[in-house]
Amino acid sequence: MLYTRKTVWPLGIGVIMVAYAYLVQSGALADLIKFLGTARHVGEMGVLGYTFGGIAIVAGLWQLLAPPKEEGNADYFLSMVGGVVFIMIVAFIVKWGLDPLMGQWGRAAQPTLGFNFASVMNLNYVVMGILAGIIIVNVFKVPGWAENGVRLSRLGLKTGVILLGALYSLAELAHLGRLSVVLIGVFVLGSVGVVLWMGARRNMPNSMTGVLSAGVGVCGVSAAVAAAPVVQAKSTEIAYTIGTILLFGVLCMFLFPIVGKAMGMGYIQFGAWAGTGILNSAQVAGAALAFQPTGIETLKVAEIFNITRVLFLPIIVLWLAVWYVKREVGAQQVDLVQVVVGKFPVFVLGFILMFALSSTGIFAPAQHYQGSYFDNSDKAMTTKDKDGKPVSKLLNDKDLATLQGEAGKVQRQDQKAALQRLVENKKLMSIDDDDTLRGVVNAKLMSKAANDVLVKAHRAVRHTAKKIAMFRDLIAWFFTFGLVGLGMQITMASIKQAGGQPLVVGSIVGIVKALGSLLVVWLLVAETI
Amino acid sequence: MAEDKFDRGSALTVFTSDRYEDVMALVLSLLIALLVYSFI
């Protein structure tokens, strides 16, 4: 069959992309960018706009003026460009338009509603990307010239999962308490087991059960994508899993802090519970901050538990590969080596490879945490002004006078001591001191001027590895591309076909996990791990 | 999108097998990592 169609659309989209990039770079859209608060994306707007716009114009002209007349690789690969640029222009709208706009509306409605609906409902580019795709396919249909290229979206998701490995490092593992590994291990593996058991009892398709178990057991989008190929899951099943997790997560984000406060939980207890019981990473952070708005102790514990879950991903994928072969083939004995060689997804190995590479410190200092690291050495505490002259980042006499004048407002012993060390050394001396004083800033114990000095001291010692920051941006783009394309493969008919079973099973297992982890944390976790 | 619309790959992928798609994702990721390592 001949894939390439004679159409003006890829060329048209290319012209729009290039024009947009030009308008952004020339400053003509400065007011709009300021309104949306997307100034930090101006660079990528130019790079991506010109790159994809240029590709679309070249391929679009070829497609329009001299389309291949016979089947072959030229026809097949040329026809993919239309789908890629179609997804990309939707992704541009979602990431640079809808995502920040929703954030604006959420903040604007906060005084009236009492909460930020955009943050609570998780209305970020992940959700809006899938929704945009679903709306396009069900309301307008994917145009014929884009159909072939839309099938590249899964490649985007897989690439995103592999690159995700670069954000973590072995050094983080050293910080994980044994209890967090055991607790998470029991609940991750337990949740997967329960979903598989319930799915079989309720006659759900093996592919749906498999992908739901990974999503509910580990966490969200990455896990669902990683598990999907080994159980041959359809796009609808991946989307259903993501939907179930996010819906359940919204409930948890509201309920966990209320229950935690009612039970008088400590920071570490609540962080452990939220990190174990809530299914989605962003919602874990939301619940932890809602529980303790005046400090970050709870958030840090919750994040440690959350990271531990991601590290179980390869184990779960292996388990599902064996389980699926057993269920589908009906084999009693499964040759593990044969399953790994034949079924284990290479891109999950890629995730492990990137994790290993990142752990060597080639992308950021080996002790980095998602690209952020602490460094208060003399070299790090010196920067250069625009004339190239060295400028010290140590606190100056005025800063020190401001802090000393308000030191009496700080009552907690650990906070007092950290403040004292900061004043004596003119810089933060350890990660712990940095964390402690961020709690002082969040609690607004001192005046704005004093808080500004603390923020200045924090920024002087905290550095973001540029390479990891680049990886984060790229991962976000690959996921946006993949999710918009995934949404474009989900029709209303396929959603009806999946029925309400996944939502029921996911919610039951989610509730059991939340209650089970509450009980275990309440009984076993003291204020220190 | 119906399965029979495409004579190469499936309704979900342009590649002939999942393994092929995985390898392509891995190659793409390593290429990106190399570029990030070299130029950023």
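Helices here are DSSP runs of H or I with at least four residues, strands are runs of E with at least two, and both are numbered from the N terminus. A:Lys300 is partly exposed, because its relative accessible area is 36%. The scale behind that word is simple: buried means under 20% relative accessible area, exposed means over 50%, and partly exposed falls in between, using a 1.4 Å probe and protein chains only. Along the chain, A:Lys300 and A:Ile268 are 32 residues apart, and their C-alpha atoms are separated by 8.9 Å.

Before going on, please note that this is a predicted model, in which local features need pLDDT of at least 70 and side-chain atom pairs count only at pLDDT 80 or more, while totals for chains, interfaces and linings use all residues. Residues are numbered from 1 along each chain as its sequence is written, chains are lettered from A and ligands numbered from 1 in the order in which they are written, and side-chain values use heavy atoms, leaving out hydrogens and water.

Now look at two loops of chain A. A:Asn203 is in the loop between helix H10 (178-201) and helix H11 (206-227). With 68% relative accessibility, A:Asn203 counts as exposed. Its phi is near 55°, a positive value in a residue other than glycine. A:Gln232, in the loop between H11 and helix H12 (235-262) of chain A, is also not a glycine and has a positive phi, near 50°.

Next, compare some other places in chain A. A:Ala21, part of helix H1 (residues 9-26), counts as buried at 0% relative accessibility. A:His463 belongs to strand E4 (residues 462-464) and counts as buried at 13% relative accessibility. From A:His463 to A:Phe248 the C-alpha distance is 35 Å, and the two are 215 residues apart in sequence.

Helix H25 of chain A gives you a sum to check. The expected span of a helix is 1.5 Å times one less than its number of residues. H25 (residues 501-524) has 24 residues and so should span 34 Å, which agrees with the 34 Å between its end C-alpha atoms. Among the buried residues of H25(A) are A:Pro502, A:Val509, A:Lys513 and A:Val521. A:Leu523 is in helix H25 too, but A:Leu523 is exposed, with a relative accessible area of 64%. Its C-alpha atom is separated by 31 Å from that of A:Ser222, 301 residues away along the chain.

What holds the most contacts in the largest nonpolar core? A nonpolar core is a set of buried Ala, Val, Leu, Ile, Met, Phe, Trp, Tyr and Cys residues joined through side-chain atoms within 4.5 Å. The largest one has 152 residues, of which A:Leu320, A:Phe471, A:Leu483 and A:Met488 touch the most other members. H4(A) gives the most to this core, with 16 residues. Domain 1 (9-111) and domain 2 (160-370 + 466-524) of chain A both contribute residues, so the core lies between them; these domain bounds come from an automatic or database domain assignment.

Chain B brings one helix and zero strands. Its C-alpha atoms fill a box of roughly 45 × 15 × 10 Å, taken along the principal axes, and buried residues make up 35% of its 40 residues.

Both chains meet at the second largest pocket, as its lining includes helices H3 (42-65) and H4 (73-113) of chain A and helix H1 (18-39) of chain B. On a 1 Å grid over the protein atoms alone, a pocket is an open set of points with protein on both sides within 12 Å along at least five of seven lines, and lining residues have an atom within 4 Å of a point. About 1200 Å³ of space lies in this pocket. Of its 39 lining residues, the closest to the centre are A:Phe52, A:Leu474, A:Phe478, B:Leu28 and B:Ile32. H1(B) gives the largest share of the lining, nine residues. The lining divides into 30 nonpolar, five polar and four charged residues. Domains 1 and 2 of chain A both give residues to this lining, so the pocket lies between them.

Definitions and conventions:
On a 1 Å grid over the protein atoms alone, a cavity is a set of points where a 1.4 Å probe fits but cannot get out, and a pocket is an open set with protein on both sides within 12 Å along at least five of seven lines; lining residues have an atom within 4 Å of a point. Grid points are joined across faces, edges and corners, and a volume is the space filled by probe spheres set on the points. Ala, Val, Leu, Ile, Met, Phe, Trp, Tyr, Cys and Pro count as nonpolar, Asp, Glu, Lys and Arg as charged, and the others, Gly among them, as polar.
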